[in-house]
Amino acid sequence: MSDSTVLDTVLTNPAVGSSPTGLVQSRSDEMIVNLGPQHPATHGVLQIVLGIDGERVTSATPHIGFLHRNHEKIEEARTYEQVIPYLDRMDYVSGLQNELPYILAIEELSGIEVPERAKYIRTALFELNRVISHLVWLGTYLLDLGAITPFLYAFRDRELALDIIEKTAGARLLPNYYTFGGVRRDIHPLFWQNLGEFCDYFETVIPEYAALTIDAPIFQARTIDVGFLNAATAINHGITGPNLRAAGVAHDLRKDQPYDAYPELDFDVITLERGDAYARSKVRFEEFYQSLSLIRQCIEKAPRSGAFKGKGRVKIEEYQQRYKAVEASRGQLGVFVASDGGTGPYRSKHRSPSFTNLQVIPDLFIGQKFADVIAILGSIDIVLGEVDR
Amino acid sequence: MALLGNERRPENIVLGTLDDLINLARSRSMWPLTFGIACCAIEMMNSSATRYDADRFGFFYRNTPRQADVMIVSGTVNKKLGKRLRVLYDQMAEPRWVISMGACANQGGPFRQGYSVVEGVDKIVPVDVYVPGCPPRPEALLQALLLLRDKVADPDMRYIPGTQMEADFDVLAEPGKDGREHL
(Lines give C-alpha, C1' and ligand atoms only; values in the text may rest on other atoms or scores of the structure.)
Protein backbone atom coordinates (compact mmCIF):
# COMPACT_ATOMS: atom_id res chain seq x y z
CA MET A 1 0.00 0.00 0.00
CA SER A 2 1.53 3.27 -1.06
CA ASP A 3 1.71 6.31 1.17
CA SER A 4 -0.99 8.23 -0.65
CA THR A 5 -3.39 5.29 -0.34
CA VAL A 6 -2.76 5.09 3.40
CA LEU A 7 -3.35 8.79 3.68
CA ASP A 8 -6.60 8.54 1.72
CA THR A 9 -7.81 5.71 3.94
CA VAL A 10 -7.06 7.71 7.04
CA LEU A 11 -8.75 10.78 5.70
CA THR A 12 -11.89 9.02 4.56
CA ASN A 13 -12.26 6.62 7.49
CA PRO A 14 -10.46 7.71 10.66
CA ALA A 15 -11.13 4.41 12.42
CA VAL A 16 -9.13 2.35 9.91
CA GLY A 17 -5.81 4.13 10.06
CA SER A 18 -5.64 4.98 13.73
CA SER A 19 -4.11 2.87 16.45
CA PRO A 20 -5.72 2.21 19.86
CA THR A 21 -3.73 5.13 21.28
CA GLY A 22 -5.28 7.46 18.72
CA LEU A 23 -2.01 8.05 16.88
CA VAL A 24 -1.94 7.54 13.14
CA GLN A 25 0.47 4.78 12.12
CA SER A 26 2.27 5.84 9.00
CA ARG A 27 5.33 4.69 7.15
CA SER A 28 7.53 6.78 4.91
CA ASP A 29 9.92 5.68 2.19
CA GLU A 30 13.31 4.37 3.28
CA MET A 31 16.09 6.88 2.91
CA ILE A 32 19.72 5.91 2.43
CA VAL A 33 22.25 7.99 4.36
CA ASN A 34 26.00 7.70 3.91
CA LEU A 35 27.95 8.13 7.11
CA GLY A 36 31.55 8.70 6.17
CA PRO A 37 34.26 8.05 5.03
CA GLN A 38 34.88 11.73 5.74
CA HIS A 39 32.91 12.24 8.91
CA PRO A 40 34.40 13.57 12.16
CA ALA A 41 32.54 11.01 14.28
CA THR A 42 33.66 7.87 12.45
CA HIS A 43 37.09 8.12 14.13
CA GLY A 44 38.95 7.59 10.92
CA VAL A 45 37.84 6.46 7.52
CA LEU A 46 34.82 4.22 8.08
CA GLN A 47 31.77 4.30 5.88
CA ILE A 48 28.40 3.14 7.16
CA VAL A 49 25.44 3.03 4.80
CA LEU A 50 22.33 3.58 6.88
CA GLY A 51 18.76 2.95 5.84
CA ILE A 52 16.46 5.39 7.64
CA ASP A 53 12.69 5.15 8.00
CA GLY A 54 11.60 8.40 9.56
CA GLU A 55 13.69 8.57 12.72
CA ARG A 56 14.41 4.84 12.94
CA VAL A 57 17.40 3.02 11.49
CA THR A 58 16.28 0.03 9.44
CA SER A 59 19.59 -1.19 8.06
CA ALA A 60 23.27 -0.52 8.59
CA THR A 61 26.14 -1.76 6.45
CA PRO A 62 29.69 -0.86 7.48
CA HIS A 63 32.20 -0.55 4.64
CA ILE A 64 35.82 -0.94 5.67
CA GLY A 65 39.11 -1.02 3.84
CA PHE A 66 39.80 2.68 3.42
CA LEU A 67 42.94 2.29 5.52
CA HIS A 68 44.01 -1.15 4.32
CA ARG A 69 47.77 -0.95 4.12
CA ASN A 70 48.93 -4.56 3.91
CA HIS A 71 50.33 -4.97 7.43
CA GLU A 72 50.31 -8.75 7.30
CA LYS A 73 51.75 -8.99 3.81
CA ILE A 74 54.54 -6.48 4.47
CA GLU A 75 55.44 -8.22 7.73
CA GLU A 76 56.16 -11.42 5.79
CA ALA A 77 58.92 -9.55 3.97
CA ARG A 78 60.57 -8.21 7.14
CA THR A 79 62.85 -9.75 9.74
CA TYR A 80 61.51 -10.47 13.22
CA GLU A 81 63.02 -7.24 14.57
CA GLN A 82 61.77 -5.10 11.68
CA VAL A 83 58.16 -6.13 12.27
CA ILE A 84 57.86 -4.30 15.60
CA PRO A 85 57.48 -0.72 14.25
CA TYR A 86 54.66 -1.88 11.99
CA LEU A 87 52.74 -3.20 15.00
CA ASP A 88 52.79 0.28 16.56
CA ARG A 89 50.90 1.60 13.58
CA MET A 90 47.97 -0.81 13.86
CA ASP A 91 46.13 0.66 16.83
CA TYR A 92 47.95 3.96 16.83
CA VAL A 93 46.08 5.28 19.87
CA SER A 94 47.73 2.67 22.11
CA GLY A 95 50.89 1.93 20.17
CA LEU A 96 52.91 0.14 22.84
CA GLN A 97 50.18 -2.38 23.57
CA ASN A 98 50.25 -3.66 20.00
CA GLU A 99 53.87 -4.72 20.26
CA LEU A 100 53.39 -7.00 23.24
CA PRO A 101 51.51 -10.06 21.85
CA TYR A 102 53.95 -10.46 18.96
CA ILE A 103 56.94 -10.08 21.28
CA LEU A 104 55.49 -12.59 23.76
CA ALA A 105 54.97 -15.09 20.94
CA ILE A 106 58.49 -14.74 19.58
CA GLU A 107 59.98 -14.89 23.08
CA GLU A 108 58.14 -18.12 23.71
CA LEU A 109 59.14 -19.63 20.36
CA SER A 110 62.83 -18.85 20.74
CA GLY A 111 63.05 -19.32 24.50
CA ILE A 112 64.17 -15.84 25.54
CA GLU A 113 63.91 -15.15 29.26
CA VAL A 114 62.58 -11.78 30.40
CA PRO A 115 64.16 -10.28 33.55
CA GLU A 116 61.81 -9.39 36.39
CA ARG A 117 62.55 -5.68 36.15
CA ALA A 118 61.75 -5.56 32.43
CA LYS A 119 58.41 -7.22 33.09
CA TYR A 120 57.42 -4.47 35.50
CA ILE A 121 58.57 -1.71 33.13
CA ARG A 122 56.52 -3.26 30.36
CA THR A 123 53.44 -3.67 32.53
CA ALA A 124 53.59 -0.12 33.91
CA LEU A 125 53.85 1.34 30.40
CA PHE A 126 51.13 -1.01 29.17
CA GLU A 127 48.72 0.37 31.76
CA LEU A 128 49.85 3.94 31.09
CA ASN A 129 48.99 3.34 27.46
CA ARG A 130 45.52 2.21 28.52
CA VAL A 131 45.05 5.56 30.25
CA ILE A 132 46.23 7.37 27.11
CA SER A 133 43.89 5.36 24.92
CA HIS A 134 40.85 5.86 27.15
CA LEU A 135 41.62 9.59 27.27
CA VAL A 136 41.43 9.74 23.48
CA TRP A 137 38.14 7.84 23.66
CA LEU A 138 36.83 10.29 26.27
CA GLY A 139 37.80 13.37 24.27
CA THR A 140 36.51 12.19 20.91
CA TYR A 141 33.34 10.60 22.25
CA LEU A 142 32.31 13.77 24.01
CA LEU A 143 33.24 15.72 20.89
CA ASP A 144 30.86 13.48 18.94
CA LEU A 145 28.13 14.11 21.48
CA GLY A 146 28.60 17.85 21.09
CA ALA A 147 30.79 18.80 24.05
CA ILE A 148 34.11 20.44 23.21
CA THR A 149 35.54 21.12 26.67
CA PRO A 150 36.22 17.49 27.77
CA PHE A 151 38.30 17.05 24.62
CA LEU A 152 40.60 19.88 25.71
CA TYR A 153 40.87 18.53 29.26
CA ALA A 154 41.53 14.98 28.10
CA PHE A 155 44.27 16.03 25.70
CA ARG A 156 45.81 18.29 28.32
CA ASP A 157 46.37 15.34 30.64
CA ARG A 158 47.21 12.94 27.84
CA GLU A 159 50.22 15.13 27.03
CA LEU A 160 51.59 14.51 30.53
CA ALA A 161 51.41 10.75 29.99
CA LEU A 162 52.94 11.08 26.52
CA ASP A 163 55.82 13.04 28.06
CA ILE A 164 56.67 10.04 30.25
CA ILE A 165 56.71 7.75 27.23
CA GLU A 166 58.74 10.23 25.21
CA LYS A 167 61.30 10.64 27.97
CA THR A 168 61.64 6.85 28.26
CA ALA A 169 61.33 5.60 24.71
CA GLY A 170 62.25 8.62 22.59
CA ALA A 171 58.97 8.93 20.69
CA ARG A 172 55.61 10.07 21.92
CA LEU A 173 52.98 8.29 19.89
CA LEU A 174 54.54 5.23 18.27
CA PRO A 175 57.46 4.42 20.57
CA ASN A 176 58.82 1.08 19.25
CA TYR A 177 60.09 0.43 22.78
CA TYR A 178 59.38 -3.19 23.68
CA THR A 179 61.76 -5.72 22.28
CA PHE A 180 62.49 -9.44 22.56
CA GLY A 181 63.54 -10.11 26.14
CA GLY A 182 62.56 -6.80 27.68
CA VAL A 183 62.69 -3.21 26.54
CA ARG A 184 64.94 -1.52 24.00
CA ARG A 185 66.90 0.76 26.33
CA ASP A 186 67.09 1.32 30.05
CA ILE A 187 64.67 3.62 31.83
CA HIS A 188 65.89 6.99 33.06
CA PRO A 189 66.53 7.51 36.80
CA LEU A 190 63.32 9.46 37.40
CA PHE A 191 61.04 7.00 35.58
CA TRP A 192 59.24 5.51 38.60
CA GLN A 193 59.05 8.90 40.29
CA ASN A 194 57.51 10.52 37.20
CA LEU A 195 54.98 7.70 36.94
CA GLY A 196 54.04 8.17 40.60
CA GLU A 197 53.62 11.92 40.14
CA PHE A 198 51.40 11.33 37.12
CA CYS A 199 49.22 8.87 39.09
CA ASP A 200 48.87 11.33 41.98
CA TYR A 201 47.90 14.13 39.63
CA PHE A 202 45.61 12.07 37.43
CA GLU A 203 43.66 10.66 40.35
CA THR A 204 42.62 14.20 41.28
CA VAL A 205 41.27 15.04 37.82
CA ILE A 206 39.18 11.90 37.20
CA PRO A 207 36.33 13.28 39.36
CA GLU A 208 36.48 16.44 37.24
CA TYR A 209 36.00 14.36 34.10
CA ALA A 210 33.20 12.42 35.76
CA ALA A 211 31.40 15.64 36.68
CA LEU A 212 31.64 16.76 33.05
CA THR A 213 30.65 13.43 31.54
CA ILE A 214 29.18 10.38 33.24
CA ASP A 215 27.63 12.35 36.11
CA ALA A 216 26.27 15.09 33.85
CA PRO A 217 22.54 14.87 33.06
CA ILE A 218 23.02 15.67 29.36
CA PHE A 219 25.52 12.83 28.92
CA GLN A 220 23.23 10.46 30.79
CA ALA A 221 20.27 11.44 28.63
CA ARG A 222 22.29 10.71 25.50
CA THR A 223 23.69 7.34 26.61
CA ILE A 224 21.43 5.59 29.14
CA ASP A 225 19.26 2.89 27.49
CA VAL A 226 20.93 3.51 24.15
CA GLY A 227 22.62 0.76 22.15
CA PHE A 228 21.89 -2.29 24.31
CA LEU A 229 24.36 -5.12 23.90
CA ASN A 230 23.50 -8.20 25.90
CA ALA A 231 25.97 -10.85 26.93
CA ALA A 232 24.73 -13.50 24.46
CA THR A 233 25.03 -11.19 21.43
CA ALA A 234 28.40 -9.97 22.60
CA ILE A 235 29.81 -13.48 23.00
CA ASN A 236 28.33 -14.61 19.68
CA HIS A 237 30.05 -11.73 17.88
CA GLY A 238 33.37 -12.23 19.68
CA ILE A 239 33.23 -8.86 21.40
CA THR A 240 35.96 -8.37 23.98
CA GLY A 241 37.28 -5.65 26.23
CA PRO A 242 35.25 -2.95 28.01
CA ASN A 243 32.29 -3.58 25.68
CA LEU A 244 32.02 -7.18 26.88
CA ARG A 245 32.63 -6.34 30.53
CA ALA A 246 29.89 -3.70 30.37
CA ALA A 247 27.51 -6.51 29.35
CA GLY A 248 28.25 -8.42 32.55
CA VAL A 249 30.84 -10.96 31.37
CA ALA A 250 33.95 -11.05 33.55
CA HIS A 251 36.44 -11.72 30.77
CA ASP A 252 39.86 -10.16 31.12
CA LEU A 253 43.00 -11.74 29.70
CA ARG A 254 45.08 -10.04 32.37
CA LYS A 255 43.33 -12.39 34.80
CA ASP A 256 42.53 -15.37 32.57
CA GLN A 257 45.87 -15.73 30.76
CA PRO A 258 48.26 -13.52 32.75
CA TYR A 259 51.42 -12.31 31.06
CA ASP A 260 54.41 -10.21 32.13
CA ALA A 261 53.97 -8.92 35.69
CA TYR A 262 50.20 -9.33 35.92
CA PRO A 263 50.29 -12.57 37.99
CA GLU A 264 51.91 -10.61 40.84
CA LEU A 265 49.48 -7.70 40.70
CA ASP A 266 46.23 -7.48 42.61
CA PHE A 267 43.11 -6.28 40.82
CA ASP A 268 39.50 -7.21 40.16
CA VAL A 269 37.78 -7.51 36.80
CA ILE A 270 35.36 -4.63 36.38
CA THR A 271 31.92 -5.66 35.17
CA LEU A 272 28.60 -3.86 34.85
CA GLU A 273 25.28 -5.44 34.01
CA ARG A 274 23.38 -2.96 31.88
CA GLY A 275 25.24 -3.21 28.57
CA ASP A 276 24.17 0.16 27.19
CA ALA A 277 26.36 3.02 26.00
CA TYR A 278 26.41 4.46 29.51
CA ALA A 279 27.69 1.21 31.02
CA ARG A 280 30.46 1.03 28.43
CA SER A 281 31.52 4.56 29.35
CA LYS A 282 31.34 3.77 33.04
CA VAL A 283 33.58 0.70 32.63
CA ARG A 284 36.22 2.83 30.95
CA PHE A 285 36.04 5.32 33.79
CA GLU A 286 36.51 2.55 36.34
CA GLU A 287 39.48 1.35 34.30
CA PHE A 288 41.15 4.70 34.81
CA TYR A 289 41.25 3.98 38.55
CA GLN A 290 42.22 0.37 37.93
CA SER A 291 45.14 1.33 35.66
CA LEU A 292 46.40 3.86 38.20
CA SER A 293 46.27 1.21 40.91
CA LEU A 294 48.18 -1.25 38.70
CA ILE A 295 50.83 1.37 37.88
CA ARG A 296 51.23 2.12 41.59
CA GLN A 297 51.66 -1.59 42.35
CA CYS A 298 54.33 -1.78 39.63
CA ILE A 299 56.15 1.20 41.17
CA GLU A 300 56.06 -0.49 44.54
CA LYS A 301 57.08 -4.00 43.50
CA ALA A 302 59.50 -3.36 40.64
CA PRO A 303 63.13 -4.24 41.38
CA ARG A 304 65.23 -1.10 41.44
CA SER A 305 68.26 -2.75 39.86
CA GLY A 306 68.82 -5.48 37.35
CA ALA A 307 68.82 -6.00 33.63
CA PHE A 308 66.30 -4.30 31.36
CA LYS A 309 66.75 -6.89 28.66
CA GLY A 310 67.28 -10.61 28.80
CA LYS A 311 70.02 -12.45 26.98
CA GLY A 312 69.34 -14.54 23.94
CA ARG A 313 68.52 -13.85 20.34
CA VAL A 314 65.67 -14.76 18.08
CA LYS A 315 66.29 -18.15 16.58
CA ILE A 316 63.40 -20.26 15.39
CA GLU A 317 64.81 -23.22 13.57
CA GLU A 318 62.00 -25.28 12.11
CA TYR A 319 58.32 -24.76 11.35
CA GLN A 320 56.63 -23.54 14.51
CA GLN A 321 53.57 -21.47 15.23
CA ARG A 322 52.18 -19.64 18.22
CA TYR A 323 49.13 -17.55 19.11
CA LYS A 324 49.46 -15.03 21.91
CA ALA A 325 46.90 -12.52 23.06
CA VAL A 326 46.87 -9.65 25.52
CA GLU A 327 44.12 -7.51 26.98
CA ALA A 328 44.57 -4.21 25.16
CA SER A 329 42.46 -1.12 25.78
CA ARG A 330 39.85 -2.27 23.27
CA GLY A 331 39.85 -5.98 23.99
CA GLN A 332 41.66 -9.13 23.04
CA LEU A 333 44.61 -8.26 20.86
CA GLY A 334 46.19 -11.38 19.48
CA VAL A 335 48.80 -12.34 16.98
CA PHE A 336 49.41 -15.64 15.25
CA VAL A 337 52.98 -16.07 14.12
CA ALA A 338 54.21 -18.95 12.00
CA SER A 339 57.88 -19.49 11.26
CA ASP A 340 59.49 -21.61 8.55
CA GLY A 341 62.96 -21.28 10.00
CA GLY A 342 63.83 -18.11 8.11
CA THR A 343 64.80 -14.70 9.40
CA GLY A 344 61.28 -13.33 9.48
CA PRO A 345 57.73 -14.52 10.09
CA TYR A 346 56.37 -16.85 7.43
CA ARG A 347 52.88 -15.69 8.31
CA SER A 348 51.70 -13.13 10.81
CA LYS A 349 47.97 -12.82 11.43
CA HIS A 350 46.53 -10.20 13.72
CA ARG A 351 43.37 -10.59 15.73
CA SER A 352 42.42 -7.00 16.39
CA PRO A 353 39.66 -6.15 18.88
CA SER A 354 38.29 -3.21 16.89
CA PHE A 355 37.61 -5.40 13.86
CA THR A 356 35.51 -7.88 15.81
CA ASN A 357 33.83 -5.17 17.87
CA LEU A 358 32.76 -3.48 14.65
CA GLN A 359 30.82 -6.58 13.55
CA VAL A 360 28.06 -5.94 16.06
CA ILE A 361 27.26 -2.49 14.71
CA PRO A 362 24.32 -3.52 12.47
CA ASP A 363 22.73 -5.33 15.44
CA LEU A 364 23.12 -2.29 17.66
CA PHE A 365 21.95 0.26 15.10
CA ILE A 366 18.80 -1.36 13.74
CA GLY A 367 15.71 -0.10 15.50
CA GLN A 368 17.48 2.78 17.19
CA LYS A 369 16.86 6.46 16.57
CA PHE A 370 19.00 8.07 13.88
CA ALA A 371 20.37 10.63 16.36
CA ASP A 372 21.67 7.82 18.61
CA VAL A 373 23.84 6.30 15.88
CA ILE A 374 26.82 8.51 16.74
CA ALA A 375 26.36 7.91 20.47
CA ILE A 376 26.47 4.13 19.90
CA LEU A 377 29.36 4.18 17.44
CA GLY A 378 31.49 6.29 19.80
CA SER A 379 30.77 4.05 22.77
CA ILE A 380 32.09 0.99 20.90
CA ASP A 381 35.45 2.80 20.55
CA ILE A 382 37.00 1.52 17.34
CA VAL A 383 40.27 2.51 15.71
CA LEU A 384 40.27 2.14 11.96
CA GLY A 385 43.98 1.46 11.66
CA GLU A 386 43.35 -1.76 13.50
CA VAL A 387 40.15 -2.65 11.64
CA ASP A 388 41.64 -2.41 8.16
CA ARG A 389 45.28 -3.22 8.96
CA MET B 1 55.15 41.44 2.78
CA ALA B 2 54.73 43.86 -0.07
CA LEU B 3 51.50 45.34 1.16
CA LEU B 4 52.95 46.77 4.33
CA GLY B 5 56.58 47.01 3.32
CA ASN B 6 58.03 48.99 0.46
CA GLU B 7 55.53 51.73 -0.32
CA ARG B 8 54.86 53.17 3.11
CA ARG B 9 54.35 56.93 2.97
CA PRO B 10 54.73 59.40 5.84
CA GLU B 11 51.04 60.30 5.57
CA ASN B 12 50.06 56.76 6.61
CA ILE B 13 49.02 55.93 3.08
CA VAL B 14 49.79 52.38 1.99
CA LEU B 15 49.98 51.51 -1.67
CA GLY B 16 49.51 48.00 -2.93
CA THR B 17 47.44 45.82 -5.19
CA LEU B 18 44.08 44.41 -4.25
CA ASP B 19 45.54 40.92 -4.62
CA ASP B 20 47.95 41.61 -1.77
CA LEU B 21 45.16 42.66 0.51
CA ILE B 22 43.04 39.63 -0.37
CA ASN B 23 45.97 37.27 0.10
CA LEU B 24 46.75 38.82 3.46
CA ALA B 25 43.16 38.31 4.56
CA ARG B 26 43.13 34.73 3.29
CA SER B 27 46.33 33.81 5.08
CA ARG B 28 45.04 34.91 8.47
CA SER B 29 42.04 32.62 8.74
CA MET B 30 42.74 29.34 7.03
CA TRP B 31 40.31 26.60 7.93
CA PRO B 32 41.54 23.02 7.54
CA LEU B 33 39.20 20.16 6.78
CA THR B 34 38.53 17.64 9.56
CA PHE B 35 39.71 14.56 7.72
CA GLY B 36 41.72 12.26 9.93
CA ILE B 37 43.02 9.19 8.14
CA ALA B 38 45.57 7.33 10.26
CA CYS B 39 48.17 7.75 12.99
CA CYS B 40 49.00 11.32 11.95
CA ALA B 41 45.38 12.29 12.64
CA ILE B 42 45.99 11.77 16.37
CA GLU B 43 48.87 14.23 16.21
CA MET B 44 46.70 16.53 14.10
CA MET B 45 44.10 16.46 16.90
CA ASN B 46 46.89 17.14 19.38
CA SER B 47 48.06 20.16 17.42
CA SER B 48 44.67 21.81 17.83
CA ALA B 49 44.22 20.67 21.44
CA THR B 50 45.39 22.21 24.67
CA ARG B 51 49.16 22.30 24.61
CA TYR B 52 49.77 23.25 20.98
CA ASP B 53 46.55 25.14 20.22
CA ALA B 54 46.54 25.82 16.47
CA ASP B 55 43.41 27.94 16.94
CA ARG B 56 45.55 30.87 18.06
CA PHE B 57 46.91 31.16 14.50
CA GLY B 58 43.41 31.12 13.03
CA PHE B 59 43.44 27.45 12.03
CA PHE B 60 40.00 26.26 12.93
CA TYR B 61 38.83 22.84 11.77
CA ARG B 62 35.69 22.63 9.67
CA ASN B 63 33.73 19.46 9.11
CA THR B 64 32.62 20.01 5.54
CA PRO B 65 34.83 20.52 2.49
CA ARG B 66 32.60 23.39 1.33
CA GLN B 67 33.80 25.54 4.21
CA ALA B 68 37.43 24.43 4.26
CA ASP B 69 40.49 26.07 2.69
CA VAL B 70 43.18 23.55 3.57
CA MET B 71 43.15 19.79 3.37
CA ILE B 72 45.61 18.09 5.72
CA VAL B 73 46.23 14.59 4.39
CA SER B 74 47.10 12.88 7.66
CA GLY B 75 47.89 9.29 6.87
CA THR B 76 48.28 6.51 4.34
CA VAL B 77 46.17 6.91 1.23
CA ASN B 78 45.25 3.69 -0.50
CA LYS B 79 43.52 3.13 -3.79
CA LYS B 80 40.06 2.86 -2.28
CA LEU B 81 40.45 6.08 -0.33
CA GLY B 82 42.26 7.90 -3.13
CA LYS B 83 39.10 8.30 -5.22
CA ARG B 84 37.19 9.73 -2.24
CA LEU B 85 40.09 12.02 -1.41
CA ARG B 86 40.02 13.52 -4.88
CA VAL B 87 36.24 14.00 -4.61
CA LEU B 88 36.69 15.83 -1.32
CA TYR B 89 39.39 18.00 -2.86
CA ASP B 90 37.15 18.85 -5.80
CA GLN B 91 34.35 19.79 -3.40
CA MET B 92 36.50 22.38 -1.66
CA ALA B 93 36.01 25.94 -2.88
CA GLU B 94 38.94 27.58 -4.65
CA PRO B 95 41.49 28.76 -3.66
CA ARG B 96 42.46 25.61 -1.80
CA TRP B 97 45.67 24.19 -0.44
CA VAL B 98 46.92 20.76 0.59
CA ILE B 99 49.35 19.80 3.35
CA SER B 100 50.82 16.33 3.08
CA MET B 101 51.46 15.21 6.64
CA GLY B 102 53.81 12.38 7.42
CA ALA B 103 55.87 9.88 5.47
CA CYS B 104 52.86 7.90 4.18
CA ALA B 105 51.22 10.90 2.56
CA ASN B 106 54.57 12.13 1.25
CA GLN B 107 55.66 8.98 -0.58
CA GLY B 108 54.02 5.90 0.93
CA GLY B 109 56.20 5.70 4.03
CA PRO B 110 56.77 2.28 5.58
CA PHE B 111 53.85 0.88 3.57
CA ARG B 112 55.25 1.96 0.21
CA GLN B 113 55.73 -1.64 -0.94
CA GLY B 114 52.12 -2.57 -0.27
CA TYR B 115 49.85 -3.53 -3.15
CA SER B 116 47.10 -1.10 -2.23
CA VAL B 117 49.07 1.95 -1.13
CA VAL B 118 49.39 5.09 -3.24
CA GLU B 119 53.02 6.21 -3.30
CA GLY B 120 52.41 9.74 -2.17
CA VAL B 121 49.25 11.79 -2.16
CA ASP B 122 50.79 14.20 -4.69
CA LYS B 123 49.87 11.64 -7.35
CA ILE B 124 46.21 12.52 -6.70
CA VAL B 125 46.08 16.14 -5.49
CA PRO B 126 48.65 18.96 -5.75
CA VAL B 127 50.56 19.42 -2.50
CA ASP B 128 51.76 22.77 -1.12
CA VAL B 129 53.66 21.74 2.01
CA TYR B 130 55.21 18.38 2.87
CA VAL B 131 55.75 17.54 6.56
CA PRO B 132 58.34 14.80 7.22
CA GLY B 133 58.08 12.40 10.14
CA CYS B 134 56.33 9.20 11.12
CA PRO B 135 54.27 10.66 12.67
CA PRO B 136 55.37 14.32 12.67
CA ARG B 137 55.20 16.06 16.01
CA PRO B 138 52.45 18.65 16.50
CA GLU B 139 55.12 21.35 16.35
CA ALA B 140 56.05 20.16 12.86
CA LEU B 141 52.45 20.45 11.71
CA LEU B 142 52.22 23.93 13.21
CA GLN B 143 55.35 24.93 11.33
CA ALA B 144 53.82 23.59 8.13
CA LEU B 145 50.66 25.60 8.72
CA LEU B 146 52.71 28.75 9.32
CA LEU B 147 54.78 28.08 6.19
CA LEU B 148 51.57 27.74 4.24
CA ARG B 149 50.33 30.99 5.75
CA ASP B 150 53.47 32.75 4.52
CA LYS B 151 53.08 31.17 1.12
CA VAL B 152 49.51 32.41 0.79
CA ALA B 153 50.40 35.91 1.96
CA ASP B 154 53.47 36.26 -0.26
CA PRO B 155 52.50 37.85 -3.58
CA ASP B 156 55.36 36.12 -5.40
CA MET B 157 53.93 32.74 -4.48
CA ARG B 158 50.28 33.65 -4.76
CA TYR B 159 47.64 31.36 -6.10
CA ILE B 160 47.39 31.39 -9.86
CA PRO B 161 44.09 30.08 -11.21
CA GLY B 162 44.27 27.45 -13.90
CA THR B 163 47.45 25.79 -12.71
CA GLN B 164 45.74 22.99 -10.83
CA MET B 165 47.31 19.61 -11.45
CA GLU B 166 45.18 16.90 -12.99
CA ALA B 167 44.85 13.72 -10.97
CA ASP B 168 46.86 10.75 -12.18
CA PHE B 169 44.22 8.08 -11.83
CA ASP B 170 46.55 5.40 -13.16
CA VAL B 171 47.92 5.06 -9.65
CA LEU B 172 44.49 3.92 -8.50
CA ALA B 173 44.48 0.99 -10.92
CA GLU B 174 44.20 -2.62 -9.85
CA PRO B 175 47.27 -4.25 -8.28
CA GLY B 176 49.43 -5.70 -11.01
CA LYS B 177 48.15 -3.22 -13.59
CA ASP B 178 49.74 -0.12 -12.08
CA GLY B 179 53.17 -0.91 -13.51
CA ARG B 180 55.21 -1.06 -10.31
CA GLU B 181 56.86 -3.62 -8.13
CA HIS B 182 55.00 -4.49 -4.98
CA LEU B 183 54.71 -7.32 -2.51
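Q: A crossing of two helices counts as right-handed if the near helix is turned clockwise from the far one by less than a right angle, and as left-handed if anticlockwise; which hand does the crossing of α1(B) and α5(B) have?
A: In this model, which is predicted, the crossing of α1(B) and α5(B) is right-handed, so by that definition the near helix is turned clockwise from the far one.

Q: Why are α1(B) and α5(B) called roughly antiparallel to each other?
A: The axes of helix α1, residues 18–28 of chain B, and helix α5, residues 138–153 of chain B, cross at roughly 165° and come within 8 Å. Angles over 145 degrees count as roughly antiparallel, and the two helices are therefore described in that way.

Q: What makes up the contact of α1(B) with α5(B)?
A: On the side of α1(B) stand N23(B), R26(B), S27(B) and R28(B), and these meet R149(B), V152(B) and A153(B) of α5(B). Sorted by class, the contact holds three charged, two polar and two nonpolar residues.

Q: Where do these two helices belong in the order of elements along chain B?
A: Chain B has five helices and four strands, and along the sequence they follow the pattern α-β-α-β-α-β-α-β-α. Among the contacts of chain B with a separation of 6 or more, 77% are accounted for by residues 24 or more positions apart, and 49% of the chain's 183 residues count as buried.

Q: Why does P126(B) count as buried?
A: The relative accessibility of P126(B) is 19%, and buried means under 20%, so P126(B) is counted as buried. Its place is in the loop between α4 (102–107) and β4 (129–131) of chain B. Between the C-alpha atoms of P126(B) and K80(B), which lie 46 residues apart along the chain, the separation is 19 Å.

Q: How do you know whether T223(A) is buried or exposed?
A: T223(A), found in helix α9 (residues 217–223) of chain A, has a relative accessible area of 0%. The cut-off for buried is under 20%, so T223(A) is buried.

Q: What does T223(A) touch, not counting residues up to four places away in sequence?
A: With those sequence neighbours left out, T223(A) touches Y141(A), L145(A), D276(A), A277(A) and Y278(A).

Q: What does the side chain of T223(A) reach, and why is this called a polar contact?
A: The side chain of T223(A) reaches the backbone oxygen of F219(A) at 2.7 Å. A polar contact is a pair of N or O atoms within 3.5 Å, one able to donate a hydrogen and the other to accept it, and the distance of 2.7 Å to the backbone oxygen of F219(A) therefore falls within that limit.

Conventions. Residues numbered from 1 in each chain as written. Chains lettered and ligands numbered in written order. Predicted model: local features only at pLDDT ≥ 70, side-chain atom pairs only at ≥ 80, totals over all residues. Heavy atoms only, no water. Axes fitted to C-alpha atoms, helices over the stretch in contact; angles between N-to-C directions. Parallel < 35°, antiparallel > 145°, perpendicular 65-115°, else oblique. Contact = heavy atoms within 4.5 Å. Nonpolar A, V, L, I, M, F, W, Y, C, P; charged D, E, K, R; others polar. Buried < 20%, exposed > 50% of the residue type's maximum accessible area, 1.4 Å probe, protein only.
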